[in-house]
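The sequence and the model come next, followed by notes grouped by topic.

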Amino acid sequence: MDLTERPRRLRSDGLGPLVSETDLSPSDLVAPVFVDATTDERRPIESMPGHERVPVDEAVARVEEVRETGVEAVILFGVPESKDSEGSRAWPEDGVVQRATRRIDDETDAYVITDVCLCEYTDHGHCGVLTSAASESWEELRSDGVLESDASGDPHMTVDNDRTLDLLARTAVSHAEAGADMVAPSSMTDGMVGAIRTDLDEAGFESTPVMSYAAKYESAFYGPFRDAADGAPAFGDRRHYQMDPANAREATREVALDVEQAADVLMVKPALPYLDIVRRVREGFDHPVAAYNVSGEYAMLHAAAEKGWLDLDAVARESLLSIKRAGADLILTYFAEDVARRL
Ligand code: PBG
């Protein structure tokens, strides 16, 4: 064999780490935390082994567990005590996320990000208020007792984009008032970043950054999360506001709109099935790029590991590494604690 170039020369134990192109560090990771106002004890989430919904009283303890692993940032999701058609428990001062945020902010040094959306707060489970036509059909479905997620595929049953904007902005401001370090709108409402930015600035929170779920796909990988946060739509689906998995160029347009509205961090979601989008956003924009390694991505690795088909630690680490390699600066992941503990 007469080779001058031998890539294997770089693969020795001593040299490999020196020349490796991508690194994972606990400071790249954000751990999702679920706070539940309907319970006074911790409740395991069956489809997401190792994760639980915790009552407000346990939120600080939960966040301290995360921080012990070296992960300093959390994203909070709330399960409210009650739901209505507007999602009005999303923005009050004594809402579940607001109460938890206040406590975490007072008692820990964690970096607190809050998810801003209405789907956990509306009784129909959509990410905003419904159009009046949809609202009427929803009343009908509800009075018929038809609350299955496949109850209607009617394309007119959808969210009123512009009426939703005010409610999202109000929610974001209430999170900032409670002490959130950053807000993360996830509803895919057109104009949401601008509406939130304007109201945050008016309320004196011009230094609070917005991490936009900028390219969020209508993905079947959110299944376990919807159990965890109790936010599955009661009818129809989200394809009128979340993106079609078939589209990549559209992601560039979505992200550009959020950049125009002064988004500080740009998120792609899910992560693993959308690494091409992570790369596209990395190359097309100079903002920090976040990727959300979602509940289904977590659940499928756990399920395979439980069967003995995959080595969980290895595939978790490899997944996160691949997301970074694709171009993400930070990763929201249910693996945060497990992976950080091993780094
Ligand atoms: C709320 C929201 C969702 C997720 C994050 N924020 C659910 C959805 O859009 O249905 C999904 C997270 C996950 O699956 O881990 N809009």
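Across the whole structure, a search finds two cavities of 30 Å³ or more. The model is a predicted one. The largest cavity holds about 150 Å³ of space, and that cavity is the space taken by the ligand. Rolling a probe the size of a water molecule over the atoms shows where empty space is left.

**The largest cavity**

- The largest cavity is lined by 19 residues.
- Cys119, Lys216, Tyr222, Phe225 and Lys269 are the lining residues closest to the centre of the largest cavity.
- By class, the lining of the largest cavity consists of nine nonpolar, four polar and six charged residues.
- Two elements, β7 and α7, each contribute at least two residues to this lining.

**The shell around the ligand**

- There are 18 residues around the ligand.
- Those that come nearest to the ligand are Lys216, Arg226, Lys269, Ser295 and Tyr334.
- The shell is made up of nine nonpolar, three polar and six charged residues.
- At least two residues of the shell come from β7 (211–216), and at least two come from α7 (223–228).

**Polar contacts and burial of the ligand**

- In the side chain of Lys216, an N or O atom is 2.7 Å from an oxygen atom of the ligand.
- Arg238 has a polar side-chain atom that lies 3.1 Å from an oxygen atom of the ligand.
- For Lys269, an N or O atom of the side chain is 3.4 Å from a nitrogen atom of the ligand.
- The ligand exposes 400 Å² when taken alone, and the protein buries 100% of that area.

**Backbone features**

- Most residues other than glycine have a negative phi, and most peptide bonds are trans.
- The peptide bond that runs from Lys269 to Pro270 is cis, and its omega is near -10 degrees.
- Pro270 belongs to the loop between β8 (265–269) and α9 (275–284).
- Met188, a residue other than glycine, has a positive phi, near 55 degrees.
- Met188 is placed in the loop between β6 (182–185) and α6 (192–202).

Notes: Residues numbered from 1 in each chain as written. Predicted model: local features only at pLDDT ≥ 70, side-chain atom pairs only at ≥ 80, totals over all residues. Heavy atoms only, no water. Near = heavy atom within 4 Å. Polar contact = N/O pair within 3.5 Å; in protein donor to acceptor, adjacent residues only side chain to side chain. Areas by Shrake-Rupley, 256 points an atom, 1.4 Å probe, with all protein chains shown as cover. 1 Å grid on protein atoms, 1.4 Å probe; cavity = no way out; pocket = protein on both sides within 12 Å on 5 of 7 lines; lining within 4 Å. Sits in = over half its atoms within 2 Å of the grid points. Helix = DSSP H or I, 4+ residues; strand = E, 2+ residues; numbered from the N terminus. Nonpolar A, V, L, I, M, F, W, Y, C, P; charged D, E, K, R; others polar. Points joined across faces, edges and corners; volume = space filled by probe spheres on them.
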